[in-house]
Amino acid sequence: ASIIVAYANPLVGTKFEEVTRSGIDMIVAVDVSASMRAEDIQPSRISAARKELQNLINNLKGDRIGIIVFSGDGYTQLPLTSDYSAALMLTDVIDAGMAPTPGTAIGSAIELARASFQKEEGKYKAMVIITDGENHEDDPVAAAKEAADEGIVIHTIGMGSLEGAPIPQASGGDRPSYKKDPDGSLILSRLDAETLKKVAAATGGTFTQAHSGRDNLATVF
C-alpha cells in the first residue's frame with residue numbers, strides 16, 4: 001500500500017495561478033418610459049434600476065461599459081468607455097421621462113447597441129436591458145435574433161410585477177395622482193416577462209425578474 005501511494009505522488013497544499021482577463025464590452029440599456037415610475041419595485045422601478053447600475057459600475061475592473069436610455073426610441077447616454085467616474089456621474093441624471101419620444105421600443109435599443117459595439121474579434125459583447133417589457137413600438141425578439149448573429153448576448157432584467165401597479169404622475173399638490181385612460185379608469189403597468197424571456201433566449205442570455213432590495217445585476221454580471 002505504501003509503494004502504491006508513493007507512485008501516486010500525492011500533493012498537499014494550495015496552488016496559485018495568475019489568470020489574465022481581457023475584460024468585456026457591455027452595454028446597459030435602461031427603460032426611461034413613464035411606466036418605470038411605478039412603485040411595485042421599491043422605491044420605484046427607475047430608482048431601483050439606477051441604483052443597480054451604479055453598483056455594477058463600482059464593481060467593474062478592466063471592462064468597458066456603455067449606457068443607452070430608451071422609451072419610444074433609443075439614445076446613447078454614454079459610448080463604450082472604461083471611464084467609470086464619467087459613467088457614475090451620468091447615471092445620476094437617468095430618470096423616467098427624460099427621453100423625448102414617448103412609448104417603449106426595446107428593439108430600437110438593441111439596434112443602437114449593435115451599432116455601438118466595435119467589430120473586435122474575441123471580445124465578449126454583452127447587453128443588459130432593464131425594463132418592464134411593455135413594448136409598444138417594434139419587434140424586440142427579431143432585433144435580438146439579429147444581435148445574436150453578431151455574437152451579442154442579451155440579458156434582460158424585468159422591472160415590475162405581474163399583477164401590475166399604477167403609474168404616478170408629476171403633481172403640484174400633496175396628493176399623488178396616477179395615470180388614467182380616457183374613460184377615467186386607473187392604468188396598471190404590468191411586467192411582460194414572456195417577451196423579455198424570448199429576447200434573452202434568442203441570444204443565449206438570461207432573464208431575471210427584479211425584486212426589491214436585491215442586487216439583480218450582480219448575479220447577471
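**Exercise 1. Find the salt bridge between Asp132 and Arg45, and work out which parts of the chain the pair links.**

Step 1. Start with the cut-off: a salt bridge is a side-chain nitrogen of Lys or Arg within 4 Å of a carboxyl oxygen of Asp or Glu. Asp132 and Arg45 pass, with their closest N and O atoms 3.0 Å apart.

Step 2. Now place the two residues. Asp132 sits in the loop between strand 4 and helix 5, while Arg45 belongs to helix 2, so that distant parts of the chain, 87 residues apart, get linked. Helices here are DSSP runs of H or I with at least four residues, strands are runs of E with at least two, and both are numbered from the N terminus.

Step 3. Check the cover. Asp132 and Arg45 are both buried, and for Arg45 the relative accessible area is 0%. Buried means under 20% relative accessible area, exposed means over 50%, and partly exposed is in between (1.4 Å probe, protein chains only).

A word on what you're looking at: this is a predicted model, where local features need pLDDT of at least 70, side-chain atom pairs count only at pLDDT 80 or more, and totals for chains, interfaces and linings use all residues. Residues are numbered from 1 along each chain as its sequence is written, and side-chain values use heavy atoms, with hydrogens and water left out.

**Exercise 2. Which other salt bridge does Asp40 bring in, and which residues end up in one network?**

Step 1. Asp40 also pairs with Arg45, the closest N and O atoms being 2.8 Å apart.

Step 2. Through shared partners, Asp40, Arg45 and Asp132 are joined into one network of salt bridges.

Step 3. For context, the whole structure has 6 salt bridges.

**Exercise 3. Look at Glu146 and Arg114: what does their salt bridge tie together?**

Step 1. The closest N and O atoms of Glu146 and Arg114 are 2.8 Å apart.

Step 2. Glu146 lies in helix 5 and Arg114 in helix 4 (residues 106–116), so the pair ties together parts 32 residues apart in sequence.

Step 3. Glu146 is partly exposed, with a relative accessible area of 38%, and Arg114 is partly exposed too, at 21%.

**Exercise 4. Explore the loop between strand 4 (125–131) and helix 5 (140–149).**

Step 1. Find Asp138 in this loop; it's partly exposed, with a relative accessible area of 31%.

Step 2. Find His136 in the loop as well. His136 is exposed, with a relative accessible area of 56%.

Step 3. Compare His136 with Arg45: they are 91 residues apart in sequence and 18 Å apart in space, C-alpha to C-alpha.

**Exercise 5. Which residues of the largest nonpolar core touch the most other members?**

Step 1. Know the rule: a nonpolar core is a set of buried Ala, Val, Leu, Ile, Met, Phe, Trp, Tyr and Cys residues joined through side-chain atoms within 4.5 Å.

Step 2. Among the 30 residues of the largest one, the answer is Val28, Val30, Leu53, Ile65, Ile130 and Met159.

Step 3. Elements giving two or more residues to this core include strand 1 (25–31), helix 2 (45–58) and strand 2 (64–70). Helix 2 gives the most, with 6 residues.

**Exercise 6. Is the peptide bond from Gln42 to Pro43 cis or trans?**

Step 1. Locate Pro43 in the loop between strand 1 and helix 2.

Step 2. The bond is cis, with omega near 0°. Most peptide bonds are trans.
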